[in-house]
Amino acid sequence: MTNLSRSGCPINLSLEVLGDKWSLLIIRDMMFGNRRHFRELLTKSEEGISSNILADRLKTLLDEKIITREDDPTHKQKGIYSLTEQGIELLPVLAQMAAWGYKYLPVSKELGIRARLLSEGGPKMWAEFMDELRESHRGVKRRRRTGPSVGERLQAAYESVVNGK
C-alpha cells in the first residue's frame, strides 16, 4: 500500500487506478475496437475524449503496467499501445459491467449487442476472447479454433444491428 492510498482494500486500490471517467473506456476501445494508436483512441471513441486527458490516462495505464507502448515500425513518431496480461484480465470486469448496464440502463441496440452476447457467452467466451487478445496484443500463439473468432462474432453482430438486419 502506498502512502497515497486511502486503504489497502482491493476494491479501493483498483478504483484508485481505474476509477476515473476514462481509463476503462480506453481499455474497452483497445479490446473491442482494436484501437492501438493515439489518434484512433482520440478520434474513434463515441464519448469524445480530449487529447490532454487521453495522454494523461495512457501515461497512468503505462505506469500501472496495464498497457505497453512500442514504437510503430511504419512511422517513427507513432506508438502502438498493447494490453498487458493485467489489461487483458480486465475483460471479465468489463463484460460484467456491460451485462449490468445492458440489464438496467437504456443502452442503444447497436452498442448493447456485444454486452448481450458476452453475457450469454459467459466465462467460456471471455476466456476465448482473452486468448485472442493475448495473441493480438502480446504475440502469444493460441490454438486455432474452427469458425469465426469471438472478436469477429462480436463485430458481425454489431454490424448486423447497425445495418438493420
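The legends below describe close-up views of a predicted model.

Local features are given at pLDDT of at least 70 and side-chain atom pairs at pLDDT 80 or more, while totals for chains, interfaces and linings use all residues. Residues are numbered from 1 along each chain as its sequence is written, and side-chain values use heavy atoms, without hydrogens and water.

**View 1. A nonpolar surface patch that includes Val 107.** Trp 100, Tyr 102, Tyr 104, Leu 105 and Val 107 together form a nonpolar patch with about 530 Å² of accessible area on the surface. Patches are made of residues with over 30% relative accessible area and no salt bridge, like charges being joined within 9 Å and nonpolar side chains (Val, Leu, Ile, Met, Phe, Trp, Tyr) within 5 Å. Accessible areas come from the Shrake-Rupley method with a 1.4 Å probe, and for residues only the protein chains shown count as cover. Val 107 is found in the loop between α6 (91-104) and α7 (109-138); helices (H or I, at least four residues) and strands (E, at least two) are DSSP runs numbered from the N terminus. With a relative accessible area of 39%, Val 107 is partly exposed, where buried means under 20%, exposed over 50% and partly exposed in between (1.4 Å probe, protein chains only).

**View 2. The crossing of helices α6 and α7.** The two axes of α6 and α7 come within 8 Å and cross at roughly 155 degrees. Such axes are lines fitted to C-alpha atoms, for helices over the stretch in contact, with angles from 0 to 180 degrees between N-to-C directions. The helices α6 and α7 are therefore roughly antiparallel to each other, as angles under 35 degrees count as roughly parallel, over 145 as roughly antiparallel, 65 to 115 as roughly perpendicular and the rest as oblique. The crossing of α6 past α7 is left-handed, that is, the near helix is turned anticlockwise from the far one by less than a right angle, whereas clockwise is right-handed.

View 3. Side chains of opposite charge can pair when their charged atoms come close. The structure holds 14 salt bridges, each defined as a side-chain nitrogen of Lys or Arg within 4 Å of a carboxyl oxygen of Asp or Glu. One of them joins Asp 20 to Arg 57, with the closest N and O atoms 2.9 Å apart. This pair links distant parts of the chain, 37 residues apart: Asp 20 is in the loop between α1 (10-18) and α2 (23-32), and Arg 57 is in helix α4 (residues 51-63). Asp 20 is partly exposed at 26% relative accessibility, whereas Arg 57 is buried at 16%.

**View 4. A salt-bridge network around Arg 28 and Asp 29.** Salt bridges link Arg 28, Asp 29, Arg 35 and Glu 47 in a network. Within this group, Arg 28 and Asp 29 meet at 2.9 Å, N to O. Arg 28 is partly exposed, at 23% relative accessible area, and Asp 29 is buried, at 5%.

View 5. Most residues other than glycine have a negative phi. Asn 34, in the loop between α2 and α3, has a positive phi of about 50 degrees although it is not a glycine. Lys 65 lies in the loop between α4 and β1 (67-71), and its phi is near 65 degrees. Asn 34 is partly exposed at 46% relative accessibility, while Lys 65 is exposed at 56%.
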